[in-house]
Amino acid sequence: MGQEIKNLKVEIEVREWEAMKAEAEQMKLNMRNLTDELVETKDELDVSKKQLNAISMNLRETKQLLHASVGLQGKAEEAAKRCEQSMTNFLSRWLTVKSMSRIRAILRWYYPVKRVKMIEAALTYLLFRKKLRMEREVEKTHFKLICEMIDEDRNK
């Protein structure tokens, strides 16, 4: 039986042989193309990794800056609050308790920046008799009331 296996011949037609060779060549070409695509994809992935690392570093820096700015904002708000209190206390030295109470009631409706602007206008009027220009009609009305209170208290 060992002899019979050696003597077996595989017969294929030339067309089949040529088709098999062409298929093998096509498979080699496909493998080369796939290898080239893999190399390109790897290169793109390397570039993407570098870009992602750069973005991650920028994100870390941005987070640190944001954290620092939150701290600075807190300090700035505290300083602004103290300035507002100082200006209000200075204004209260010139006015009666009743007038000051009415002014505080008016100012509580304003955001801090507008409150400081209104107190500054009141102090300017109190010290220099100069009326600053207000932007909105409600501010003009409130400022007019504050000026009237200052004039009343000044005449007492």
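Buried here means under 20% relative accessible area, exposed means over 50%, and partly exposed lies in between, all with a 1.4 Å probe and protein chains only. By that definition Arg-115 is buried, with a relative accessible area of 18%.

The structure is a predicted model, in which local features need pLDDT of at least 70 and side-chain atom pairs count only at pLDDT 80 or more, while totals for chains, interfaces and linings use all residues. Residues are numbered from 1 along each chain as its sequence is written, and side-chain values use heavy atoms, with hydrogens and water left out.

## Overall form

The protein chain contains five helices and zero strands, where helices (H or I, at least four residues) and strands (E, at least two) are DSSP runs numbered from the N terminus. Along the sequence this gives the pattern α-α-α-α-α. The C-alpha trace of the protein chain spans about 135 × 30 × 25 Å along its principal axes. Its radius of gyration is 43 Å, whereas a compact globule of 156 residues would have a value near 15 Å; the radius is taken over C-alpha atoms, and the globule rule is 2.2 Å times the number of residues to the power 0.38.

Of the 156 residues of the protein chain, 18% count as buried. Among contacts in the protein chain with a separation of 6 or more, 57% are accounted for by residues 24 or more positions apart, contact meaning heavy atoms within 4.5 Å.

Helix H2 covers residues 14–92 and includes Glu-18, a residue that counts as partly exposed at 42% relative accessibility. Glu-18 and Gln-51 are 33 residues apart in sequence and 49 Å apart in space, C-alpha to C-alpha.

## How H4 and H5 meet

Two packed helices are described by the angle between their axes and the distance between the axes. The axes of helix H4 (residues 112–128) and helix H5 (residues 137–154) come within 10 Å and cross at roughly 35 degrees. These axes are lines fitted to C-alpha atoms, for helices over the stretch in contact, and the angles run from 0 to 180 degrees between N-to-C directions.

By class, the contact of H4 with H5 has ten nonpolar, one polar and four charged residues; Ala, Val, Leu, Ile, Met, Phe, Trp, Tyr, Cys and Pro count as nonpolar, Asp, Glu, Lys and Arg as charged, and the others, Gly among them, as polar.

## Charged residues and their contacts

| Residue | Location | Contacts |
|---|---|---|
| Lys-114 | helix H4 | Glu-135, Glu-139 |
| Arg-115 | helix H4 | Glu-84, Leu-107, Arg-108, Tyr-110 |
| Lys-130 | loop between H4 and H5 | Thr-124, Tyr-125 |
| Asp-153 | helix H5 | Trp-94, Leu-95, Thr-96, Ser-99 |

Lys-114 is partly exposed, with a relative accessible area of 24%, and its C-alpha atom is 34 Å from that of Glu-61, a residue 53 positions away in sequence. Asp-153 is buried, with a relative accessible area of 10%.

Most residues other than glycine have a negative phi. Arg-129 has a positive phi of about 60 degrees although it is not a glycine.

## Cysteines

How many disulfides does the structure hold? The structure holds zero, a disulfide being a pair of cysteine sulfur atoms within 2.5 Å. Cys-83 is partly exposed, with a relative accessible area of 47%, whereas Cys-147 is buried, with a relative accessible area of 2%.
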